[in-house]
Each structure stands twice: as C-alpha cells, then as structure tokens.
Amino acid sequence: MSNRVAPLPRSGGGQRPHAIYLAIGFPPAAKSSAYRLRETANQFVAMGWDITVITICQEAWEREYGLDHTLSEKVDPRVKVIELPLMREDLETDIRAFSEERSIDPVGWISRLRKREQKIFPERDFGGWRYELEKAVVQQHRQHPADLLISSCAPYVNLAATWKLWEEYRVPYAVDFRDGWSLDVIGGGEAFTRDSVSGRWESKVLEHALAVWCVNDPIAGFYRERYPHLADRVHVVRNGYDEDSLPDVSGRSPDPNAGLTFGYLGSVNFTPAFLESVLDGWRIARRNDPILARSRFEVRGHIGAGPIREANRHMDLLKEAAVDNVSFGGPVPKSDLAATYGSWDALVLMLVGGRFVTSGKVYEFMATGLPVLSAHDVDHDASNILAGHPLWTGAVGLDPHRLADSFSEAARMALKATDEDRATARQLARRFARPAVLAPAVRHLTELVQPTPAGVPAPAATASTGDVQP
Amino acid sequence: MTAVLIVATAAPKQPGVLVEALERFRSKDATVTVACFFDSEELGIDPTLAEIRTFAVPAEKWDARFRKALERAPANRKIWLHARRSTWLRQQYRRADLLVALDARAVHTVWQMAQRNTRAGACYGLVPAQKALAGNRSEPVGKRLERRVAAAAGIGARGARSAAEQTIRTTLNKATGQRVMSNPAGAWLWTRAAAAPRIPDRLRSKLAVRLHDSAVRAGRTAAGARAASTAAQRISSLATRADVLTKAAKTELTLGHQPSGLHDAIRAQLALADDLLPRDTKKAAAAVSMAWSLSSNRVLHFDRLTSPMSTDPGAFVAPFRASTAARKLSQPRGRLTPAAPAPTDRPLRLLVTTLINDNFLPEILERYRAMPNVEVRFLDLYEDELTRPLALSGSTVMEHLLAGDSSYGAKVEEWLRPHLDWADTIFVDWCQATAALFTLPDPGSTRIIVRLHSFEAFNFWPHLVDFSRVDDVVFVSDHLRDLSTAVLPQLTDGPRLRVIDNAMDLQRYLRSKPADARFNLGMVGFSSVAKDPRWTIEVLRKLRERDERYRLTLIGSNFNDRASKPAKDYGRLLNQDLAELEPLGAVRRYGQTDDVPAALQEVGVIVSSSVRESFHCGLVEGAASGAVPVVRDWPFFAGKPHGARTLFPADWVVESPAEAADRIFAATATEEQWREIGQAAAEHALKTWDWSVTQSGFDRLLLDD
C-alpha cells in the first residue's frame, strides 16, 4: 500500500457531501444497467449529495448497443457526468482505423490485445482502462474532494480506480457488485479462485468496502459465504422497474379472432439453442392452438455487437421463424417502452442462467400487469420474484412441448384477465419500483458516511485520516 | 448512386442476414457487388440483388512468382494477393464508395483496397456498413487529400520495406543454411558468432535454433549441438535458454535421433520450473510438463531398438530427482485412514477401472462377476464425454499438483468420489492417468491396487501417482518391477509390490497342427518397432539359406510406420524385405484376426523377436498351441537380473538370429522331434500361465488381503 496518504479537505463543513460514482453504462448508453445507474445517481442527489458520474464517451456505446438519449431526460440535472475517451478497441469496425498488423490477423490482434489488457487488470476487454480510470478519479478528487466513491461493476476494472482512491486518499467506498464477479451466475459455482489474480483483487477491494450490493439473495449468499467476515456489509439491492416504462393496461379486451401479440424485450444474450427451443415451442403451440395460430410474436432488443451486430445465428433463427409470424424489430428507445408493452398482450420472459440470475427485466415484465410466460430454468431467481403473480404461467424449463403449453396458458390468461388481476399483478410488483429499492440502500450508505443525528461515529471522517478502517 | 463492394472469404453462416442487408442496400439505391474468395455459387443469392463473382485465382493459373508470393504471405494476405490480380475486382474497389469486409479473413483485403481508394469508407460487418451508408460521409477535401498522400506513401514504404526485409531474410537464410553449416569452417564461424557477447537474447536464440536446425539437417549433429549449447550458455533468461535447447532437442527427435542435448534441454526446463514455482505454478507446470514430454518422447523409447531409459534408468531420470518442481509432483500426501480390511458381512465391492484399454481385463472381470461374494463394477474413464477431458491432460494434473489446489482437483474429486465411496477395492489397470486421478483425492479407506504393464515405465504418468495412497502395485513380470523401481524409487517405500502373470485362457490354443506347420515360423504382433520383425526375417533368411521350406507367417495388423521418423525408416526397410520375400511365398501376412488359435494352428515355430516386452502374451499363446518357442533375449533387459532368460525356460531363449536358426534347425529336424518339443512347450505354458493356474494370484490379491 502506498505511503502517500494525503487527506484533502472534505466538502463537508455545511456544504453538500460529494460522491464520485463510477458508473460505466450511465445514460445515454442503451444498456440495461443504465436504469439502475441513473436511479442511484438521482437518489444520491435527492439525499443531498453532489455527485460526479464517471463513464465513457458516447461514441463507445455506438460501437456496442447504441445510445438512447431519452434515457438522459430523467437524469437529475444536478448530476455531473464526466465521459472519458475510452472505447473497446475490439469492437472497432472502421477498417481505416486498423493498423496493417490488425488487418492481417484481426482475431489474433484482438487476442493479443486482450492478453495485454489482462496484464494491466484481469478483465477481458476492459482491463486496459485501468490507468485512465485511476487518473480520472484521482483528478476528480483533487478538484472536488470526495466523501464517498461508489463503484458499479461491471466492468470490474472500476475496482482498480476505487482502490487507487482508497490507497492514496482513503476515500471510503461502496461496491455495487450487481451480479458479482467471482460467481459464475450462469453456470453457478466459482468463476475464479481466491488465489487467482482476479480473486486477489476482489478480496482486497471488498475487504475495506463500506457496503457491497448484490442484485439478489443467492448472489449475496455466495458472497457472505465466501467472505464470512464481510457478511454484514453485503446487502441485497434488487434491480427494479421504472414507472414510466409501464403501459396503461386497464380495460383491455383482446380480440381472440384477431389473435394476440406476444412480446419479448431485452438483449438477445442467450444461446441460439435456447432461442430455438422457444421458437419451437411457439411453432408447436401454433399447431395445437387456433388462437396462437392467429397470433404474433415480436422480439425487440439488441442482438450482437461490433461486426457481428445483428449478423449472427440468432438473426437467422428469427428470420426463419418469420413464416410463423415471428418478427424482430430492433431496440426500443426508453421513451417508447410503455407504448411497446402496451401493444402486446402477453410477455415472453427469456432468461439465461439459474438461481443466481434475476435480471432487470423480470421486474418490468411483472409490473406491466400483462401475463408473463417464463422461458427459463425452473430453479431460477425470476421464479422467486414472480411467485404469487396472478398472470404468470409458471416456469417449466425449456422443453419446447412444455413451452407450447405455456404459450397457450398465457393466451388464455390474456383473454380472461380482468382489470383486478392486472392491478393485483402491478401491486405485487410495486415493492420493486426503482426508488423503493434504491432509496433505502442510498440512505443507508449516506448514514454510514455521514454522522447521524444519533451521533454514531462516521467511518469516513476517521477513515480519511487513515487511522481507522471501515 | 452509391457503389458498395462486399468482400467475403467464405459463404456466410447467416445467409439470411446477408440477403436482408442486400435488400436494404438496394432500397437505398446502392449497387452492390459481392466478391467471393470461394465458389460464388455457394451463396445461392438472387442475382438481381447484387453482382456476385469469385476472385480466387485458379491453381492452374498460378505462375512461379505468384506461387512463391503465396508461400511467403501470412494466411489473410494471400487473399489480397489473389484480389489484386483480378482486373475485375480492381475496377470494383476503385469505383466503390463503401468497402465492406464480411468476415475476419476479408479484413486485410478491404484494408489494402482502402489504401488504394482513399475516398471510400471501409467497414467490417454488415450493420456498421449500413450505418456508414446512412451516415454523412462527406469529408473535407484537405482530410481526403491528406489520407490519399498518406496511403500512397504507405503503399510505397510497405513495398520497399517488404522487399528489403525479404532480401535480408533470404541472405541470412542462405548464410545460415545447410550448405554453410555442413562446412566445418562455416559451422565454426557461426558457432562463434552465436556466442559473441552483447547480442540480445531474442536474436541469439533465433540464430542458435536456426544454426542447429541447418547443421542437424545437413547431417552434422555434433556441430549443431555445439552451436545451440554454446549460444544457450550466453543466454541469461531461463525461459529463452530452455526454449532454445528444447527446440534443438525437438528438431533432432523429429529427425529420429536421440538428441545430444536432451538432458541439457530437460535440465533447462526443470531449472525454469524451479524458478517459477514460488510465483507462477501454472507456468512452472508447463515447464515440467515440457521436460517430461521430452524425456517420454516415443522416439527415445518405442521407435528405436534401444532406449536410454533401459540402459541406465537412474541416470536418465536423475535431472527430475534434482528438481524441486518435479519432486513436488511425486510428493507423498498420504491418506487420513489406511485401507479398510475387506468386509465380512457383505460382498466385497470391487471397482475395476481403466482408460480405454481393457484388453487384459476380460478374464478378471468374468471371474469375479461370477463370484457371489464379490460385487463388480467397471469404469472406463474415457466413456463419459463430459468427464473424459479430465483424464486426458497430464499438464493439468501437474498444474494441480504444483498449486496444491485447483478447480480441476475439485472436478476430479466430484467425479471420482462416488466411486471411491462405493468401492472397497479399486483395481486400476495401467499405471497412467487412471492411477494419477484416483490418487489425486484422498481415497479414504478404499484399497487401491494399480497394475503397471510396460510402456508406463517409460512415461511420465507414474510420476504423477501418489504411491502413498496406493496399497498394492502389480507387475506382470520381475524385470518390469526392476525397471519400475529404478525409475520410481518411491515404490520401494510404500505399496506392496507383487508380480502376477497376465490373465490368459490358454486352453483354447491347444489344437492339432498339420505336418507342414513344422517349417512355418510365426509372429503374433509385428506392428511396432519394438517387435522388431526384421530380426525374425533375418532368422528366416538364415534358415532358407539351407532349406527353402521355411517360411514366416505374420499375424496381426500391419506395421505402423506413421508414428515417427524412425518408425518410418524401419517400415521402409521392412517393406523392402517383404517385397522380396512375399512373392517367393517365404513370408505371408495373415492380417488381423479375432481367431488367433486358428491362425496359430499353422505355425510350427513361434518367435518373439522383440527388443522389449513385459511378458509377451503372443509368444506364450504360440507355445500353448504346441509351436516351438524361440525367444530373443530381449535386449532392453538382457544381462540384467531379470528378463526373458528368467521368465522362460533356458532352452527357449537365444542370443542372436544365428542361434535362433540353430535352435529351429535342431527342433524341427524331424516331425517327431518338432511335435515332442512343441508338446513340452505347450505343457509348460499351460501349467505355468493358464488362467486356471494364475487366477490364484489374483484371488490372493483381491480376496485374501
């Protein structure tokens, strides 16, 4: 650890406390994490903080999932956003920007790039950002001393910058770990050992964290077990949904003769085999059920990035399914979410992974009040969330025949659902409204950093001197 | 109208995506050309959507210059070399407004086109191309001019640089080639140059490898070894030094030699492993693995008529005993509880396990499956596709053993623990991966028995077995036990060592032989160098010099000459022999058969000409059939306390082809004598090695202890 512990005057003393928020994926990035990041920043502002968000430039998102400027509209204007000129070099598609070496062996070049990046920090594609991020947080801290740093992962390279500010200036920090790092949320089990380079980084940074947030209980449980002495600092801060994404579903009465519209909205990040099972289930259902034979299935969202954007096996499968009334309509801007949900009669919740995966869209799907058809493992955390939902088909796994039954069941629910059913579903989801989820977490963090009226000693005040560690 | 040129090197896996993109381009009034580096027919796309053509130059139109350029070029540049010879494609890329690489291999070709058409956009992927088309691409004139100048300068500079590099490369290659290195003065000069001070390691190592390679290929192995070793001494980096010496050793192995610098290379890899061990067990494991890979190379032990291991086993493995990392692989970890005695209140649970090869197990499995007091399970570690990879990587086992803990270890534990929990006794056939894996986790109170046949003693696997967790090691002969204990000293301080003959049902070989079988020599198995069939052919030649009635039947699959260079060389000589003798009817290849007893019926003299055997079932089966046995005193073990001479009756064993011919003449002098000697051999074989006799050894091993 560095000896250069140089405490700077804090922004306290009657002024608003200042937090630096490492939030790569902050709006206008069209990423699913953008909502959580936005709400977190807004909550800090609402609780009296000055907040500086550090993210990467907009051009970088154009290479990936694109931009959605409507997302920025709901960012509190008091949030200061700094965009660093960092981009994923592997996603560059302008061949004029390629060196000759890269052009001769694009795959090998990327593989060498990744090796270099991982030497800097053990994370593929992002490791190389370490020094720029470190420089940015230190610079920000010097300009406007921070009382707290919140590091939202992924990318995990944020942890290096978090550590830098702690090491040099003892700025207390919290880690919004979301899906965690050392946990393989898809396969279950450990993604890397504690003695690996990543493992050493993780344990080192978590050791001094004020709080570690995870998106569900199984992930939090994994971390409590892995680091028993940190157990009381690990909190579940779920993803949630945004009220303005919800459609008006009152008084709906779909016409069975016209057929129904099923919808999926989200990144197509599952395997082609997964998608194939769902589409097979859809085809079987159409053969067996006359209502479904007249129905449509719309898929919206992002497919692939960089040179393979919308040019992969998933696209082929969707095109092949066009004859079965399946269509792909690309991503939906945030401002059109409510209208898109409103145009559908039932939702198809396609999710990878198992009990460690919740995803954000389950909350949104649930809160729409529309029937939800689960296409995911039975033992999936989404099942815990959806339990009790009156318009949920239940999870049956990925067998196409069983999914076909679920399609029919969802159609039946869509036709028979009453306003009361829909209201019950919405009411059940209300506890997952983003402010309801994030406000207590941010308040807790605020209390940890600032002296409370009850006079509990504030770790930040002492931590900044380097005498006491949180 | 916008012109779009798409370059594809293979038919896209998502043709639908391409079709949709072409439709979108058309809807934006773009004219599209698809240039294919494959048969454009494969695309199967509506020709109204785009002009589609192949640009690969057909092989019959390659001239010498083009062929040479292709030889030198990296894979993806080859595509550009084809592209630039196509007049049609040249016109297309010069007039295109947008150049698109459809796949990774096409990127360089588009990059080159973009250097020549500085006005066009250049994209990788169809969606980026559509975005580029939709976006505003108008650039300031100054910027375009700057790009054009830079591109033109780049093309010129690259051309000049490439020519200069090529000239230097050619000159250096010639100067360090075989012709120069075969000349003593040239070799001396370059050896001095490679050892000159202040040359960076990177260059010195490249030079050393090149000099060694040229010298060895020119037949001057000693000069090559000198150049490599002298240069290596000057290299400060342990990794680079190990790399140079390893490459030199590998070159010689590829050429079929026993490398003169073999031990230097092994020591260098082990020194590197020892150095890395405290900080990077993965890399340390890779270095030890490389050392073992060199020392276990089949050229050294299996494809030649001698092996440095059998000559002096202790000296051969000495570098491993001196290495901390290598010693750590064999370090005894012990077990928490000793093996429990066999249960008395229920049947013994016996797990018989192997990896792929179960040739020596049928009799054993049949016997104990029939016993009411034994419950038998059989496990082939290769069977399950999911777990199979865990049993196939020695280097991963090494990595685990050096790290002391790994996710690999956890997976093996998860896989094998249920078997360990179920079984009272595990009989592991072959001392290879199966034995290493079953001793990776603590076997608890389960008794572990490992049987070592022969090849394993020359391999690295036994060095990864934790013999402190093994209760019994079974050998099939005394001489294999001697060799194994010399190579693996840990064997002498732990498990019980037993010698139990192979399980063979010999009764079925007893059949009456026709009279003319007297002059027919036979070999069962001749597919490898170790069987040395040419030794038998020499015996046959000696016999036929005096009596042309003698002939030879070779039973089994043909000689495999694909294993290595020495095997190929041996195969060539054997083929010459066969080409000469088969037309005369002196040699017949019987081929592979499931009915060996029938094949042996026509064999009057069974020959074991091998240089190395652990037991030689084929010979014993021949003897049991009533053929006169003639056994070469297997050279790997000749003169040692145990070998063919102690395994078989003294009169069966001969020193040389001449002595073999004498024994055969004497034994086959008359039909009565031949039948009498054959009968005696059959009786000896049956009363010594038949399963009805040897099974008692297994009963004692599995049931009594």
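## A walk through chains A and B

A:Asp125 sits in the loop that links helix 4 (106-120) to helix 5 (130-143) of chain A. Keep in mind as you look around that this is a predicted model. What is the phi of A:Asp125? The angle is near 70 degrees, a positive value in a residue other than glycine. Most residues other than glycine have a negative phi, and most peptide bonds are trans.

That brings us to two peptide bonds in chain A. A:Pro27 and A:Pro28 are joined by a cis peptide bond, with omega about 15 degrees. You'll find A:Pro28 in the loop between strand 1 and helix 1 (34-46) of chain A. Another cis bond links A:Ala154 to A:Pro155, and here omega is about 0 degrees. A:Pro155 belongs to the loop between strand 4 and helix 6 (158-169) of chain A.

Now for the sheet in chain A. Strands of a sheet pair through backbone hydrogen bonds, either parallel or antiparallel. In chain A, seven strands make an open sheet with parallel pairing, in the order 3-2-1-4-5-6-7. Strand 3 (80-84) and strand 7 (234-236) of chain A each have a single partner strand, so they stand at the edges with one side left without a neighbour in the sheet. From one strand to the next, the twist averages 20 degrees.

Let's zoom in on one pair. Strand 1 (residues 18-22) and strand 4 (residues 148-152) of chain A pair in the parallel sense over four bridges. Pick out A:Ile20, and its bridge partner in strand 4 of chain A is A:Leu149. Then look for helix 17 (residues 434-449) of chain A, which lies across strand 4, strand 5 (173-178), strand 6 (211-214) and strand 7 of chain A. This helix runs at about 170 degrees to strand 6 of chain A.

Time to hop over to chain B. Its domain assignment gives domain 1 (2-138), domain 2 (348-499) and domain 3 (507-689). How many Å separate the centres of domain 1 and domain 2 of chain B? Taken over C-alpha atoms, the separation is 56 Å.

Chain B has an open sheet too, with six parallel-paired strands in the order 7-6-8-9-10-11. Strand 7 (374-380) and strand 11 (496-499) of chain B are the edge strands, each pairing on one side only. The twist averages 20 degrees from one strand to the next. Strand 9 (residues 447-452) and strand 10 (residues 472-475) of chain B run parallel and are joined by four bridges. Here B:Ile449 stands opposite B:Asp472 in strand 10 of chain B. Packed on this sheet is helix 19 (residues 362-369) of chain B, touching strand 6 (348-354), strand 7 and strand 9 of chain B.

Finally, some helix pairs. Two packed helices are described by the angle between their axes and the distance between the axes. For helix 13 (residues 262-276) and helix 17 (residues 313-322) of chain B, the axes come within 9 Å and cross at roughly 15 degrees. Angles under 35 degrees count as roughly parallel, so helix 13 of chain B is roughly parallel to helix 17 of chain B. The residues in their contact divide into eight nonpolar, one polar and two charged.

Compare helix 3 (residues 75-84) and helix 5 (residues 107-116) of chain B, whose axes come within 8 Å and cross at roughly 50 degrees. These two helices of chain B are therefore oblique to each other. Their contact residues divide into four nonpolar, four polar and two charged.

How values were computed: Residues are numbered from 1 along each chain as its sequence is written. Chains are lettered from A and ligands numbered from 1 in the order in which they are written. This is a predicted model: local features need pLDDT of at least 70, side-chain atom pairs count only at pLDDT 80 or more; totals for chains, interfaces and linings use all residues. Side-chain values use heavy atoms; hydrogens and water are left out. Axes are lines fitted to C-alpha atoms, for helices over the stretch in contact, and angles run from 0 to 180 degrees between N-to-C directions. Angles under 35 degrees count as roughly parallel, over 145 as roughly antiparallel, 65 to 115 as roughly perpendicular and the rest as oblique. Ala, Val, Leu, Ile, Met, Phe, Trp, Tyr, Cys and Pro count as nonpolar, Asp, Glu, Lys and Arg as charged, and the others, Gly among them, as polar. Two strands pair if DSSP finds at least two bridges between them. Contact means heavy atoms within 4.5 Å. Domain bounds come from an automatic or database domain assignment.
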